[in-house]
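Open the model in a viewer and keep the sequence at hand. The stops below say what to select next and what is there.

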Amino acid sequence: MDKMSLILSINAGSSSVKVSVYSVSSSTSSPNQLAEAEVSGLTAPPAKLKYSAGATSIKGQEIQDINSQEVAFEYTLNHLTKDESLSEITTRDQFTHACHRVVHGGDYPGAHIIDDDTYHHLEDLTELAPLHNASALAIVKACMKLLPKAKNIAYFDSSFHASMPDAVKTYPIDPRVAQKNKLRKYGFHGISYAFITRSVAEYINKDTSETSIIALHLGSGASACAIRDGKSLDNSMGLTPLAGLPGATRSGDVDPRSALE
């Protein structure tokens, strides 16, 4: 019988931490979701827990002394290992992989194992996506401490857009300055767009390589994406998530002349 692996999928936001747990029994089987937890309200206490695992369901339970992503993550781990109805998980050492959503991955074209070099590179990118990269890295650091046996892997919102042609991702500025400072369009919400593309392809009974759509990601952050043959052709966001459509804390595109009025 194949040894079961337990995988954490982690999405750290500026005011919340979302964690899903999956089990995989072999390299060819599809992951099976075991539990889902969210601790919200980190910036507006008291924090609240939303949790589901099998027949167990918790919604809006207030929890005290939770004021950071790291503390929220440790609380979630403790909740998972102490849930008697979740027989698959008894200790933290069972988690083999921790998969992190990271908004800005710079030039990384795909998922990347997080080692010291990767971590410091992502730190350098934090100022380009401060609401999310900093939170994600805080959880990565917590995982290294709390789950020393687990392998940390980063999945980037920017990677889906690595297929954008040069004509789309190149800014009309001095190319030497652009190359030296890596100033170009990166695009974001890529994990969402990859999921949308797969889902639409399945719904219309086509391969993703035959799927061409215009997709929207609408939430507190919003963007649009042109997808041709399953790959990103263009995205409304740019060097950072600030460009494009307006969002809850982002102005979107604003004529630069307006700053002088």
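Select Asp166 first: its relative accessibility is 54%, so Asp166 counts as exposed. Keep in mind that this is a predicted model.

**Salt bridges between separate parts**

Next, select Lys185 and Asp234. These two form a salt bridge, and their closest N and O atoms are 2.9 Å apart. Lys185 sits in the loop between helix H5 (175–181) and helix H6 (190–203), while Asp234 is in strand S11 (residues 231–235), so the pair ties together parts that are 49 residues apart in sequence. Is Lys185 buried or exposed? Lys185 is buried, as its relative accessible area is 13%. Asp234, at 29% relative accessibility, counts as partly exposed.

Then select Asp107, Lys182 and Arg184. Salt bridges that share partners join these residues into one network.

Move on to Glu74 and Arg92. This is another salt bridge, with the closest N and O atoms 3.8 Å apart. Glu74 is part of helix H1 (residues 69–82) and Arg92 is in the loop between H1 and strand S6 (95–102), so here the parts tied together are 18 residues apart in sequence. Glu74 has a relative accessible area of 34% and is partly exposed. Arg92 also counts as partly exposed, at 23% relative accessibility.

How many salt bridges does the count come to? Taking a salt bridge as a side-chain nitrogen of Lys or Arg within 4 Å of a carboxyl oxygen of Asp or Glu, the count comes to 9.

**Two helices side by side**

Show helix H2 (residues 116–124) together with helix H3 (residues 133–146). They pack at an angle of about 155 degrees, and their axes are 10 Å apart. That angle makes H2 roughly antiparallel to H3, since angles over 145 degrees count as such. The crossing of H2 past H3 is left-handed.

Which residues meet between the two helices? From H2, select Tyr119, Leu122 and Glu123; from H3, select Asn133, Leu137, Val140 and Lys141. By class, this contact of H2 with H3 has 4 nonpolar, 1 polar and 2 charged residues.

**Backbone stops in the loops**

Select Pro45 and Pro46 and display the backbone. A cis peptide bond joins them, with omega about 10 degrees. Pro46 is in the loop between strand S3 (32–40) and strand S4 (47–53).

Go on to Asp65, in the loop between strand S5 (56–63) and H1. Its phi is near 60 degrees, which is a positive value in a residue other than glycine. Asp65 is exposed, with 70% relative accessible area.

With a relative accessible area of 72%, Asn205 is exposed.

Terms used
Residues numbered from 1 in each chain as written. Predicted model: local features only at pLDDT ≥ 70, side-chain atom pairs only at ≥ 80, totals over all residues. Heavy atoms only, no water. Axes fitted to C-alpha atoms, helices over the stretch in contact; angles between N-to-C directions. Helix = DSSP H or I, 4+ residues; strand = E, 2+ residues; numbered from the N terminus. Parallel < 35°, antiparallel > 145°, perpendicular 65-115°, else oblique. Left-handed = near helix turned anticlockwise from the far one by under 90°. Contact = heavy atoms within 4.5 Å. Nonpolar A, V, L, I, M, F, W, Y, C, P; charged D, E, K, R; others polar. Buried < 20%, exposed > 50% of the residue type's maximum accessible area, 1.4 Å probe, protein only.
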